[in-house]
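Dear colleague,

I am passing a structure on to you, with the sequence and the coordinates just below. My notes on it follow, grouped by topic, and I would be glad if you read them with the model open.

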Amino acid sequence: MAAGVGSRISKSIDRPKCTLEVGGVPLILKTVRMLRSEGIEVAVVLGYEQDFIRGVLEGEDVSVYVNPFFRVTNSMASLWFAKDFIDCGEDLMLANADVYWDEDILQTILDDDHGIMMLADRSRVDEGDYFFYVEDGYLRKYGKELKREERTSEYVGMAKIPKEHLPLFMEHLDTMVKDEKYGLWWENVLYEYLDTEKIFVKDISELFWAEIDYIDDYKRILEYASSKDIAWKTKRVI
C-alpha cells in the first residue's frame with residue numbers, strides 16, 4: 001500500500017516517504033526485490049506522487065494499481081482498486097509501503113501456520129501509532145486510542161491471509177466499500193472477523209522494524225542499517 005500522502009512527514013522531505021533511501025536504495029524498491037527474491041508476486045497501489053514511485057520501480061516485475069481518490073479515501077479503497085490482483089487460490093500478504101522490514105520478518109510471516117495472522121511488537125506499548133490487545137496469542141481489541149492498561153503491543157502494518165479465508169475476506173471488502181466505509185484502513189476488513197474467526201498476532205519484538213511517520217523514524221532506520229553494515233544488493237529473482 002503506497003498511495004497515501006504521509007502528511008506527518010511530507011513537509012520535511014521532498015519525495016514520498018516509501019522512496020526514502022536506505023543504503024542508496026529506495027525503501028519500496030528494497031521491499032519489492034526482497035519479495036520477488038522469494039518468488040512472491042507483487043502488486044503496489046499508488047496515488048500520491050505516483051509518477052515518482054513508478055520511476056523508482058521502473059524495470060521491476062511488479063503490478064501497479066492506482067487509487068485516484070487517495071486524498072479523500074483510506075487504504076481500504078486502495079486495496080479495493082487492486083482486487084483483481086488477488087487470487088483466491090493463493091495466500092495473500094498485505095503490507096504498508098512505509099514500513100522497513102527485512103528477510104527475517106518475511107521468513108517469520110511465511111513460516112507461520114496459524115491462519116489469519118497480523119504482526120505486532122509487544123515492546124512498544126507506551127508510545128506508538130496503533131495498538132493491539134492480545135490474549136492467548138489472539139487479537140481481542142485494537143485502536144489508536146486504546147487505553148494504556150489494555151495495550152499489549154503495537155501493530156506493525158503487515159498481515160497474512162491464507163487462501164481458504166480469501167473468499168470471505170473479499171466479500172467483506174466489497175460489502176464495506178459498497179457501504180461507503182472506504183475511509184477506513186484495509187485492516188478493518190480483517191477486524192470484521194473477530195466475532196467469527198480468530199486472528200493470530202505474531203510478536204516480532206526481537207526483530208528490527210520501523211514505520212516511517214516522522215523524520216526520527218527514518219533516522220532510526222539509517223542508524224540500524226549503519227550498525228549492521230547493510231549492503232543492499234539485488235537478489236536473484238526466482
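Are Y130 and F132 buried or exposed? Both of these residues are buried. Please keep in mind throughout that this is a predicted model.

**Aromatic pairs**

The count of aromatic pairs in the model comes to 14. In one of them, the rings of Y130 and F132 have centres 6.5 Å apart and planes at 85 degrees, so this pair is edge-to-face. Y130 also pairs with Y191, where the centres are again 6.5 Å apart but the planes stand at 5 degrees, so that this second pair is stacked.

**Charges over rings**

Two places where a charged end sits over an aromatic ring may also interest you. The charged end of R151 sits over the ring of F131, at 3.9 Å from its centre, and the charged end of K198 sits over the ring of Y138, at 4.9 Å from its centre.

**Helix α7**

Helix α7 (residues 215-227) has 13 residues, and the distance from its first C-alpha to its last is 18 Å, close to the 18 Å expected at 1.5 Å a residue. Which residues of α7 are buried? They are D217, Y218, I221, Y224 and A225. Seen down the axis of α7, these buried residues fall within an arc of 120 degrees, and therefore they line one face of the helix. As a general point, an α-helix has 3.6 residues a turn, so residues three or four places apart point the same way. The buried residues of α7 pack against β1 (21-22), β6 (99-100) and β12 (210-211), whereas D216, E223, S226 and S227, on the other side of α7, are exposed.

T108 has its place in helix α4 (residues 103-111), and it counts as buried because its relative accessibility is 18%, which is under the 20% cut-off. Leaving aside neighbours within four places in sequence, T108 is in contact with K202, I204 and L207. H172, for its part, is found in helix α5 (residues 166-178), and it is buried with a relative accessible area of 18%. Not counting residues up to four places away in sequence, H172 touches V189, E192 and Y193.

**Positive phi in loops**

D136 has a phi near 55 degrees, a positive value in a residue other than glycine; D136 lies in the loop between β8 and β9 (138-143) and is exposed, with a relative accessible area of 67%. E180, although not a glycine, has a positive phi of about 60 degrees; E180 is found in the loop between α5 and α6, and it is exposed as well, with a relative accessible area of 60%.

Notes: Residues numbered from 1 in each chain as written. Predicted model: local features only at pLDDT ≥ 70, side-chain atom pairs only at ≥ 80, totals over all residues. Heavy atoms only, no water. Helix = DSSP H or I, 4+ residues; strand = E, 2+ residues; numbered from the N terminus. Buried < 20%, exposed > 50% of the residue type's maximum accessible area, 1.4 Å probe, protein only. Contact = heavy atoms within 4.5 Å. Phe/Tyr/Trp six-rings, centres within 6.5 Å; stacked < 30°, edge-to-face > 60°. Lys NZ or Arg CZ within 6 Å of the ring centre and 35° of its normal. Expected span 1.5 Å × (residues − 1). Arc of directions from axis to C-beta.
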